[in-house]
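Please look through the sequence and the model below with the strands of its sheets in mind.

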Amino acid sequence: MGSLHKTTFVLLMFCLAALGSADYLKYKDPKQPLGVRIKDLLGRMTLAEKIGQMTQIERENATAEAMSKYFIGSVLSGGGSVPSPQASAAAWQSMVNEMQKGALSTRLGIPMIYGIDAVHGHNNVYKATIFPHNVGLGATRDPMLIKRIGEATALEVRATGIPYAFAPCIAVCRDPRWGRCYESYSEDPKVVQSMTTLISGLQGDVPAGSEGRPYVGGSKKVAACAKHYVGDGGTFMGINENNTVIDAHGLMTIHMPAYYNSIIRGVSTVMTSYSSWNGKKMHANHFLVTDFLKNKLKFRGFVISDWQGIDRITSPPGVNYSYSVEAGVGAGIDMIMVPYAYTEFIDDLTYQVKNNII
């Protein structure tokens, strides 16, 4: 019986060891290199899980059930979209946590990221500190003041349980008839470049030697978003979301420079613009999104669409949605802001992948 007990004991230990190794997931181990964790996680993901991670939906649709059923990767508050009138910071936290529980309940437990337009302070939230719009901040010519505003905004955004702000807008407004000119720091690209210190305020200073890598410096900081890529402030006659008619030299010397600074500062995300460059919609512009931003400038964060941005690739918007999905994802947009019709997006993208269109 002694040898039988020993054999049983060895088999039991072997089974426990096997169970232990089955429970070990490289992607959840913070001691593993980032690249190893990413490769391990991607290798485990189904098509549905990958598409879910590319999908950002509006707060009002983001029940815990929807988060888990569709593996949703991100949620946002549209302008004025709040949990309740005059909601407290605690109410915001509670709402975000409920959504996060849904995301974490999935097979792989990938957390979602919640984003909000904190563009001049945490401006959707009751009793938040409100700062001047960018046109006023640009007039200060004081980059360090702008950085401190970023720091203050990050604290208030994190206090509501949110880790991602859709700021800064680094448009270079070239025509004051543009209705959103107040969102631009200046008509002078050099001034706009100097104001990218807001990113360092929001995210924290990138550690030495890590310049150009997406960076968020802990629990008092948020991911930033440089927008709207690119040329949103240069449209014909200042018409909003219209066509920026300019040669490549003009685009690169007027509208692009602040993106160089943003990437060096470690900006985590870039949002594409509704506008076009010489007739080509930015949401469908593979050259500028993939070839230039990702491959030439080595941007390593993720590119996000604007609100229903791929819908507006066609005129009228959404008239050929399957084409919009193909063009937007094909351009290199990583996360699609589909606030309401997210199941249509998921179904369409799934079909196109399964049929080798994408």
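## Strands E1 and E2

In this predicted model, strand E1 (residues 55-58) and strand E2 (residues 74-77) pair in the parallel sense over three bridges, where two strands count as paired if DSSP finds at least two bridges between them. Within this pairing, isoleucine 57 has valine 75 in E2 as its bridge partner. Helices (H or I, at least four residues) and strands (E, at least two) are DSSP runs, numbered from the N terminus.

Strand E2 is covered on both of its faces, with Ser74 and Leu76 buried on one side and Val75 and Ser77 buried on the other; buried means under 20% relative accessible area, with a 1.4 Å probe and protein chains only. In a regular strand the side chains alternate between the two faces of the sheet.

## Crossovers and a packed helix

E1, helix H4 (residues 64-69) and E2 form a β-α-β unit that is right-handed, a term used if, with the strands pointing away from the viewer, the path from the first strand over the helix to the second runs clockwise. E2 also pairs with E3 in the parallel sense, over four bridges, and serine 74 has isoleucine 113 in E3 as its bridge partner. The chain passes from E2 through H5 to E3 in a β-α-β crossover that is likewise right-handed.

## The five-stranded sheet

These strands belong to an open sheet of five strands, in the order E4-E3-E2-E1-E11, with parallel pairing. Strand E4 (164-165) and strand E11 (336-337) each have a single partner strand, so one side of each is left without a neighbour in the sheet. Helix H5 (residues 89-104) packs on this sheet, touching E2 and strand E3 (113-116), where contact means heavy atoms within 4.5 Å. The direction of H5 makes about 140° with that of E3, given axes fitted to C-alpha atoms, for helices over the stretch in contact, and angles from 0 to 180 degrees between N-to-C directions.

## The three-stranded sheet

A second open sheet has three strands in the order E6-E8-E9, with mixed pairing. Its edge strands are strand E6 (243-244) and strand E9 (280-281), each pairing on one side only. Strand E8 (residues 276-277) and E9 pair in the antiparallel sense over two bridges, and serine 276 stands opposite lysine 281 in E9.

## Basis of the description

Residues are numbered from 1 along each chain as its sequence is written. Local features need pLDDT of at least 70, side-chain atom pairs count only at pLDDT 80 or more, and totals for chains, interfaces and linings use all residues, while side-chain values use heavy atoms, with hydrogens and water left out.

Note on methods
Buried < 20%, exposed > 50% of the residue type's maximum accessible area, 1.4 Å probe, protein only.
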